[in-house]
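Here are my notes for you to read alongside the model. Take the points in order and keep the viewer open as you go.

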Amino acid sequence: MQKITVFSAKKVITMDPNQPSATHVAVLGDRILAVGQADCADQWGDVIHDDSLSDFVLTPGFVEGHAHMMAGAIWDFAYAGYHDRIDPDGKLWSGKGDLNTVIGDLSDYEKTLPDDQPLVGWGLDPIFLQDERLSRKHLDQISETRPIAVMFSNFHLMCVNSKALDMVGYTNETNAEGVIKDDAGHPTGELQEMAAMFPVMRRLGIDFRSLSQTEPAIRSYAKVCQRAGVTTVTDLFSTLTDEDVTTLTSVTGEAQFPVRIVPALAAIGAAPAEIAQFALKLRSMSTDKLRLGAVKLMTDGSIQGWTARVKWPGYVGGQPNGLWNTPPELIYELVEEMQRAGVQMHIHVNGDEASDVSIDAIEAASRKHPWPEARHVLQHCQMMGVDQFKRCANMGICTNIFANHIWYFGDQHAALTIGNDRAERMDAVRAALDAGVNVAIHSDAPVTPMGPLFTAWCAVTRQTMSGRVLGAGQCISVEEALHAITLGAAYTLKLDRDIGSIETGKIADFAILAQDPTESDGIALKDIEVKGTVSSGVVHLI
Amino acid sequence: MTGIPLTVIGGYLGAGKTTLINQILRDPQGKRYLVMVNDFGAINVDASLLASADEDTIQLSNGCVCCTMGADLFLAIGDVLDGDMRPDHIVIEASGIADPAKIANVAVAEPDLVYQGIITVVDGANILDQLVDRFVGDQVRDQIRVADLIYVSKTELSDHLSMQLTTISKAPILESDAATIEMLLSPSTPKAPNPTTAPHTAYTKWFTEADVAFNRNTLIYALQNRPEGVFRMKGFVRAETRMLSVHVVGAHIDVTTFPNDVETGLVAIGLASEMNPQDLNKWWAKAKEKALTPYSML
Ligand SMILES: [Zn+2]
């Protein structure tokens with residue numbers, strides 16, 4: 001017989017309107033048996049009281065509805081970014097505010113590497129650095145004999161040292177686009193876009209595939225989640241070979257594995273009907289901790305890269321409209337096929353033209369193949385206006401909004417991409433909720449760090465890096481933000497039957513917090529300390 | 001050069017890229033092609049040619065291989081370069097919305113590959129509408145702009161269409177798939193053409209022994225100003241103190257130091273209807289006169 005465990009807590013925030021808070025929660029196996037006071041489970045027989053969490057606040061385990069598995073294994077490389085960040089093992093990597101710090105910190109790191117290993121860094125963001133551009137000359141100060149490559153935060157650019165240039169054979173005679181040269185015609189070390197970076201990556205053994213779906217990558221990802229209080233996480237845009245599914249099933253199947261993974265199959269590389277059939281086959285292979293069956297569609301690029309498809313009047317700098325990754329014609333075809341086959345879609349839409357086309361495509365498909373429970377999800381939704389949100393509400397389309405963007409890129413958007421007025425109504429969570437749309441908010445880790453409480457803080461305060469409030473009219477309440485990172489996100493994954501609130505019958509997934517997010521106490525949401533999680537009834541303290 | 005030639009076939013959805021690739025696979029003329037496609041569904045492999053197939057590779061009995069590139073094309077290229085199978089030529093079918101130049105640039109950057117041009121396939125019946133489409137018009141135009149060779153499928157090339165395409169790109173325009181493949185396969189070893197081989201219908205060749213030393217920048221300047229109609233040019237030219245390898249495809253010009261001393265020579269290939277060997281002779285004679293004049297004094 002399994003034992004009933006009754007956890008006591010400083011407070012249990014349930015997200016259940018029938019009992020918004022409690023002091024105890026009873027767990028039987030992986031499920032919540034009862035919620036209430038110390039005696040809440042006494043009707044069920046003998047209980048064991050567990051007071052190990054009594055100093056902490058329990059909330060439903062957080063649900064990260066848009067992130068990527070490489071957020072874990074990317075830490076195999078040295079962090080070179082501007083902001084402080086914590087790796088999966090809890091080590092703090094301090095932010096590098098200028099080039100000297102970048103070079104200094106990487107030099108220290110270099111000394112710890114075995115001789116035959118290249119130095120690979122990631123996360124550099126020159127937007128935030130006031131100095132001259134990073135070049136091979138700087139990286140040569142770290143080492144002239146060891147190849148060095150530092151990837152930029154957007155993964156579209158990198159800078160390498162002279163040794164790495166030599167390994168490829170890049171010289172002043174190289175004529176490839178993206179191999180940047182100085183005034184004298186010599187490569188500066190900066191390489192732009194994949195074609196120019198590929199020869200270096202090949203020779204340095206940088207293979208992005210190993211950052212996902214391998215056993216170490218899955219485990220690192222789980223650690224990232226645990227530190228953020230996340231008990232259910234997506235991996236949006238997965239390639240899922242038979243071997244990948246076998247590995248994922250076995251690792252997530254371990255009783256001690258602390259997170260439920262929801263991969264969404266990348267909808268590319270085959271005809272729409274084949275993709276749909278494959279997704280349905282994957283769905284039948286789901287387990288409790290591995291929920292398969294959804295797909296992810298790409299449509300446009302990113303706003304800060306000027307590749308998002310935006311409606312008139314476009315970009316304030318006069319840049320041409322962005323690029324489709326999937327042409328609208330094919331979006332219609334894919335959407336119709338998924339809708340027909342009964343496959344849930346997550347659709348990447350950054351610009352408002354991309355969201356418009358996607359909503360149109362879903363409307364057209366739903367007229368042919370009605371499916372009120374489809375719950376297709378628009379992802380990012382950064383420029384959607386009230387008109388689009390209302391259409392989503394009418395059709396049951398969910399939105400997962402990129403709230404972290406406000407803090408990280410809000411100032412850039414006001415100054416450089418879409419201008420002040422449209423930046424103030426970006427990532428419009430208030431408008432979406434008022435229109436009656438189901439809303440989640442996300443980090444898109446590793447693009448920004450995973451941390452639902454930080455994401456919630458962004459949606460509540462709409463503060464940018466410079467400290468300004470970007471569009472006070474779109475701020476939401478703390479309660480609404482907590483809903484978005486729990487039940488709201490669970491709904492977008494069709495998992496609200498099992499997770500998202502602390503209610504009898506649901507899976508025992510909790511975030512363990514040091515402070516109460518609903519009582520400000522002068523502590524910002526983002527500064528609340530995560531102590532660990534309970535995942536399917538198993539306690540995982542950090 | 002020992003790199004593997006790489007050609008990218010671009011063009012919007014439904015342009016006819018796959019049909020062209022099928023033609024190549026059916027009759028590879030003794031070469032082992034490796035074709036990378038988005039999905040097999042579209043490739044209609046002749047059952048009599050099928051040797052084996054698995055999740056992401058199809059082997060043909062004529063030595064050609066077809067593979068799906070999945071989410072990351074570049075990693076798939078890396079697998080080929082680091083694998084056991086060494087194809088004679090890699091052909092990549094770009095997705096319908098992709099910028100073929102962004103893919104083909106990898107062959108310029110990677111020393112183990114040789115840039116062999118971009119063929120953009122245009123659906124003659126629909127291209128004029130596609131070019132003004134409010135969503136994809138600019139991207140379709142860019143696919144044509146970066147082409148080294150344009151192949152118009154499905155209809156005859158009208159004067160109006162020809163004029164429209166010429167305003168976007170200077171690349172030669174072909175109407176027949178056979179001629180397109182011939183241009184793609186045209187051998188470009190820097191040797192004098194063998195007089196015994198029958199003249200091809202689609203392309204013509206020009207050759208010079210290039211027995212004069214050049215200043216590198218001056219040579220590049222001359223190549224930039226070569227007569228129209230040259231699709232590819234390849235060979236070795238001597239600089240003052242070293243050997244230069246010359247590789248020209250369409251608008252792309254590569255002139256790099258070559259470590260070994262080899263016989264000089266330059267061969268040009270172009271459409272028979274567009275390239276005139278006489279013009280090339282005149283052009284080369286003029287270029288030789290200024291061979292050692294520094295570029296700044298031209
Ligand atoms: Zn993403």
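How many of the 12 residues of α5(A) are buried? The answer comes in point 2, after a word on the model.

1. Ground rules. This is a predicted model, in which local features need pLDDT of at least 70, side-chain atom pairs count only at pLDDT 80 or more, and totals for chains, interfaces and linings use all residues. Residues are numbered from 1 along each chain as its sequence is written, chains are lettered from A and ligands numbered from 1 in the order in which they are written, and side-chain values use heavy atoms, with hydrogens and water left out.

2. Helix α5 of chain A. In α5(A), 10 of the 12 residues are buried, so the helix is mostly covered (buried means under 20% relative accessible area, exposed over 50% and partly exposed in between, with a 1.4 Å probe and protein chains only). Among the buried ones are A:M194, A:F198, A:P199 and A:R202. Helices here are DSSP runs of H or I with at least four residues, strands are runs of E with at least two, and both are numbered from the N terminus. Just after the helix, A:G205 takes a positive phi of about 70°.

3. Helix α6 of chain A. This helix covers residues 215-228, and its 14 residues should span 20 Å, which agrees with end C-alpha atoms 20 Å apart. Its buried residues include A:I218, A:Y221 and A:Q226.

4. The cores. A nonpolar core is a set of buried Ala, Val, Leu, Ile, Met, Phe, Trp, Tyr and Cys residues joined through side-chain atoms within 4.5 Å. The largest has 113 residues, and B:M36, B:I77 and B:I92 have the most contacts inside it. Helix α5 (residues 193-204) of chain A gives the most to this core, with eight residues. A second, separate core of 103 residues includes A:V230 and A:V460.

5. Which residues does B:I92 touch? Leaving out residues up to four places away in sequence, its partners include B:L6, B:M36, B:I77 and B:I103 (contact means heavy atoms within 4.5 Å).

6. The sheet in chain B. Nine strands form an open sheet with mixed pairing, in the order β3-β4-β5-β2-β6-β1-β7-β8-β9; two strands pair if DSSP finds at least two bridges between them. At the edges, β3 (50-53) and β9 (173-174) each pair on one side only. Strands β1 (residues 4-10) and β6 (residues 89-93) of chain B run parallel over four bridges, with B:L6 opposite B:I90.

7. Whole chains. Chain A has 16 helices and 24 strands, and buried residues make up 60% of its 542 residues. Chain B has nine helices and 14 strands. The radius of gyration of chain B is 20 Å, close to the 19 Å from the globule rule for 298 residues, so chain B is as compact as a globular protein of that length (the radius is taken over C-alpha atoms, and the rule is 2.2 Å times the number of residues to the power 0.38). Of the residues of chain B, 55% count as buried.

Terms used
Expected span 1.5 Å × (residues − 1).
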